[in-house]
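User: I would like to go through this structure by question and answer. Please start with any term I need.

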Amino acid sequence: MFGFYLRNLPLSGKVFCTLFLVGIGCGCIAAFTQAATAVGVSPAEVEVSLSPEMPMMQMHHGQMSAEKEITLADVSAAAKVWIRTPLLIQTSHTHLFGQTLIAGLLGLIFLFASVREGTKALIVALPFVGTLLDISGMWLTRFVWPPLSVLVIIGGSLFALGYVLVAFISLWQLWLTKEARP
Amino acid sequence: MTHAVRYAAAIVATLTLVGVAAAHVTPPVVLVSDRDVLAGSLAGAQRLFVREVRLTPAERQAIQKQTGWTPDEDFYRFYIGRDAQGRPVAATIFLTEYTVHGPVRVAVALGPDGKVKGATVVELTEETYPWMRPLLDPQARFVAANLSKGLDSMGQFYGQIVASLIQRAALLYDVGVLKRGDSA
């Protein structure tokens, strides 16, 4: 890219890229931990958090109330977040901005890696596609079909895969390769 | 080298934007599970029932007139504790207010006559938690008396949010259960 390659960056550039990749990696681990504790990382847990609240009883048209006996075991014991539409809007806007900017910066660094163009295009696209799948999966789970919660997991995994590939290849080329190949 | 300087400048500018975006994220905090709340608020009841209530347009209007708040949920769910003979001894409802800093979800415990017995803050956000903390006991129960103990403006604001949720809960039980004669 413009004759510049990661291997040829000055020391300051290498330090900058390295610390950025390390920082984002730590952020990804913290984000994963937060998601795992607040919501869960299985499709079923995501579905429970995102799908709309369903009545526990089937009230027919015109019926104004219904009651049935339950036990405490029927009530959720998990201190989990239940994501309602206003929170979904808030989460969407912050994550779309934040993750897209991170994906952009990761891609910017990776543009200077010496990798085949097709491979580079594929890897650069992963965090962007992952972000879009992740957030759109949340909306589809809530408003279209709850089992689409699997898209949230796939999206998050694609983002993570993209980060790992970008970080691994970039760090390798920054510090361990001898010569840059166009 | 000019390219490299531009490249670095672009990265710094974008990092600043990332920081601004990240500053908006306020992760939710769940203080207590629904089951734990009910185990406490319905203690003494021998049987547990769930009652779901749809409000009529007239009932929604009555609540709106009294509080300025229009109930907009499709249904409201009460957990009702009853004694062995089926008489109600307590009820609990979970209500949420969406603020600019995220949701505040509260469980309101009511007596069989609709009198408020207490409230527990179930869920809020990392941002609102420090403001709300002076108003909560270690079990996350709302201590209304602390409202008059020199709280800052945000503490006062969130105290009022909880107080209004308590008021709504009492009204919903009154209109949706007691006035219909459905509590027995």
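Analyst: A salt bridge is a side-chain nitrogen of Lys or Arg within 4 Å of a carboxyl oxygen of Asp or Glu. The model discussed here is predicted.

User: Which residue of chain B meets Glu69(A) in a salt bridge?

Analyst: The rule asks for a nitrogen and a carboxyl oxygen within 4 Å. Here the N to O distance is 2.8 Å, so by that cut-off the pair counts as a salt bridge. The count between chain A and chain B is three salt bridges. The partner of Glu69(A) is Arg47(B).

User: How much area do chain A and chain B bury between them?

Analyst: The size of an interface is often given as the accessible area lost when the parts come together. In this model, 48 residues of chain A are in contact with 47 residues of chain B. Of the area buried between the two chains, 67% is on carbon and sulfur atoms. The total is about 4,100 Å².

User: Which residues of chain A lose the most area to chain B?

Analyst: Three residues stand out on that side, and together they make up 15% of what it buries. They are Met64(A), Glu67(A) and Arg84(A).

User: Which element gives the largest share of the side of chain A that touches chain B?

Analyst: Across this interface, 15 residue pairs are in polar contact. On the side of chain A, the elements giving two or more residues are α1 (11-38), β1 (65-70) and α3 (85-110). The largest share is 12 residues, and it comes from α3(A).

User: Which residue of β2(B) stands opposite Glu67(A)?

Analyst: Strands of a sheet pair through backbone hydrogen bonds, either parallel or antiparallel. β1(A) and β2(B), residues 47-53, run antiparallel and are joined by six bridges. Opposite Glu67(A) stands Arg51(B).

User: Which strands stand at the edges of the sheet, and why is one side of each without a neighbour?

Analyst: The open sheet has seven strands, in the order β1(A)-β2(B)-β3(B)-β4(B)-β5(B)-β6(B)-β1(B). Each edge strand has a single partner strand, so one side of it is left without a neighbour in the sheet. The edge strands are β1(A) and β1(B).

User: What is the bridge partner of Pro28(B) in β6(B)?

Analyst: β1(B) is joined to β6(B), residues 116-125, by three bridges, and the two strands run antiparallel. The partner of Pro28(B) is Thr125(B).

Definitions and conventions. Residues numbered from 1 in each chain as written. Chains lettered and ligands numbered in written order. Predicted model: local features only at pLDDT ≥ 70, side-chain atom pairs only at ≥ 80, totals over all residues. Heavy atoms only, no water. Contact = heavy atoms within 4.5 Å. Buried area = accessible area lost by both parts, 1.4 Å probe. Polar contact = N/O pair within 3.5 Å; in protein donor to acceptor, adjacent residues only side chain to side chain. Helix = DSSP H or I, 4+ residues; strand = E, 2+ residues; numbered from the N terminus. Pairing = 2+ DSSP bridges.
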